[in-house]
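Please look over the sequence and the structure before reading on.

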Amino acid sequence: MRRMSILLSFGKVRCLHVASLIPPRRELPPEIEKVCAIVGNRNISLPLEDALTQSQFSLDCHSLSLLLSRIPHPREALRVFIWSIRCNPGFVPDENVIETILHAWKDEKKRRLESFITILVGVHQPCFEMTPKALTILIQGYGWAGLLDLIVDILKRASNAFGINPNVWHFSCAINCFLKENRFDLARDILQEMQDVGCHANQVMVDTLIKGALAAGDMETANMLFKKMASMNVLPGRATYNILIHGFSKLGRLDQAWEFKKEMRREGFLPDMYTYTVLIRALCKQGKMQASIDLMKEMRLNKVVPDVVTFNTLAVGFCEASLIDDAIKVFDCMSNMGCPPDRITYNILIDGLCKHDRLYEAQCLMNKLLKNDALTPNIVTFSCLLDGLLKH
């Protein structure tokens with residue numbers, strides 16, 4: 001089998017893929033079986049890397065390739081690979097090892113993973129020159145593996161180790177990694193560290209943090225971040241207000257969301273379709289249907305055209321409020337407003353009609369859907385109708 005050539009100078013990387021992606025599944029040597037058992041049966045509190053160290057795994061390319069091929073979870077396979085490189089700086093993986101780890105990630109990340117692997121190996125080789133782009137890829141790769149501590153560490157020592165001062169994109173990449181792992185505390189700390197080193201945040205970064213805070217239910221921090229935007233030389237935009245309106249509405253603080261809508265207008269940002277749909281959904285959940293209708297009228301007065309999601313949101317609200325006739329009126333006026341009902345609209349009404357013992361109308365609506373050349377019923381449509389028929 002021909003060898004893979006890896007040029008460790010970033011930007012001049014070539015990976016010559018072999019036909020066979022992973023070794024055939026066969027009986028493992030006893031020492032590999034032992035490592036698999038230790039890693040697979042470890043206590044949940046024991047980090048994977050510590051389990052590998054305790055197993056006294058004898059590292060070589062063949063053994064590592066076999067081990068990686070037996071790890072079912074891509075993230076754990078990547079962590080094993082990273083451990084093998086970090087704990088053994090002189091170790092250089094061969095083509096089989098690289099193909100095995102790439103095989104575990106059969107998705108859109110695969111090509112970017114190749115770059116991460118090359119940089120990860122290169123960092124531990126002499127004469128490797130780190131670049132800002134390579135640093136971003138390294139942070140991103142550690143994020144895929146869930147190794148958040150390594151992200152914090154590399155940001156802190158990037159200046160001394162590589163002569164690179166992390167910029168806003170490096171910090172943004174790190175914050176995204178932390179939020180994906182629901183570690184808002186780390187994201188908040190990184191933002192503070194970023195300010196301490198004189199790196200200014202941008203609107204996208206602050207918006208992302210506000211969104212993360214609200215996703216974690218931390219309304220106080222979201223408010224604090226919003227109020228600090230001016231001190232960070234960042235101006236809120238329409239997206240910022242929409243994030244706040246959506247987050248506070250979802251957390252049941254419609255009063256606060258309404259205040260953000262008012263402030264949004266004062267700052268010169270007109271509410272858009274997303275703003276109105278979010279507020280209509282929140283009002284519907286609270287059973288405030290008249291307020292929802294009024295908001296729909298305001299939407300039209302401001303020449304904001306509702307889409308099918310807005311209409312469906314209103315229809316759901318009427319059905320849940322047992323106002324089925326009003327839901328049908330929404331359905332009837334959609335086409336007149338240039339927004340024909342979609343399959344979800346039909347499902348909402350069929351389900352609502354069935355739940356209120358109006359089976360004949362539900363069947364008529366199903367027949368109408370069946371005659372629609374542009375739409376077809378799906379399993380949800382049939383399930384709603386069958387459930388109604390069986391109950392009655």
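The model is predicted.

**Helix pairs**

Two packed helices are described by the angle between their axes and the distance between the axes. The table gives both values for each pair.

| Pair | Angle between axes | Distance between axes |
|---|---|---|
| α16 and α17 | about 160 degrees | 10 Å |
| α4 and α7 | about 125 degrees | 8 Å |
| α17 and α19 | roughly 5 degrees | within 10 Å |

Helix α16 covers residues 289-301, and helix α17 covers residues 308-320. Their angle of about 160 degrees is over 145 degrees, so α16 is roughly antiparallel to α17. The crossing of α16 past α17 is left-handed. On the α16 side, the contact is made by Met289, Ser292, Ile293, Met296 and Met299. Thr310, Phe311, Leu314, Gly317 and Phe318 make the contact on the α17 side. By class, the contact of α16 with α17 has 7 nonpolar residues, 3 polar residues and no charged ones.

Helix α17 also packs with helix α19, which spans residues 343-355. The axes of α17 and α19 cross at roughly 5 degrees; this is under 35 degrees, so α17 is roughly parallel to α19. Here α17 uses Val308, Asn312, Ala315, Val316 and Cys319, while α19 brings Ile344, Thr345, Ile348, Leu349 and Gly352. The contact of α17 with α19 holds 7 nonpolar and 3 polar residues, with no charged residue.

How are α4 and α7 placed relative to each other? Helix α7 is made of residues 132-145, and α4 packs against α7 at about 125 degrees. The two helices are therefore oblique to each other. Arg75, Leu78, Arg79, Ile82 and Arg86 of α4 meet Gly141, Tyr142, Gly143, Trp144 and Ala145 of α7. The contact of α4 with α7 is made up of 5 nonpolar, 2 polar and 3 charged residues.

**The largest pocket**

Rolling a probe the size of a water molecule over the atoms shows where empty space is left. The largest pocket holds about 360 Å³ of space. Which residues of its lining lie nearest the centre? They are Glu49, Arg79, Gly146, Leu147 and Leu148, out of 17 lining residues.

Helices α2 (48-54), α4 (74-86) and α8 (148-162) each provide at least two lining residues. With 5 residues, α4 gives the most to the lining. By class, the lining of the largest pocket has 7 nonpolar, 2 polar and 8 charged residues.

Key. Residues are numbered from 1 along each chain as its sequence is written. This is a predicted model: local features need pLDDT of at least 70, side-chain atom pairs count only at pLDDT 80 or more; totals for chains, interfaces and linings use all residues. Side-chain values use heavy atoms; hydrogens and water are left out. On a 1 Å grid over the protein atoms alone, a cavity is a set of points where a 1.4 Å probe fits but cannot get out, and a pocket is an open set with protein on both sides within 12 Å along at least five of seven lines; lining residues have an atom within 4 Å of a point. Grid points are joined across faces, edges and corners, and a volume is the space filled by probe spheres set on the points. Helices (H or I, at least four residues) and strands (E, at least two) are DSSP runs, numbered from the N terminus. Ala, Val, Leu, Ile, Met, Phe, Trp, Tyr, Cys and Pro count as nonpolar, Asp, Glu, Lys and Arg as charged, and the others, Gly among them, as polar. Axes are lines fitted to C-alpha atoms, for helices over the stretch in contact, and angles run from 0 to 180 degrees between N-to-C directions. Angles under 35 degrees count as roughly parallel, over 145 as roughly antiparallel, 65 to 115 as roughly perpendicular and the rest as oblique. A crossing is left-handed if the near helix is turned anticlockwise from the far one by less than a right angle, and right-handed if clockwise. Contact means heavy atoms within 4.5 Å.
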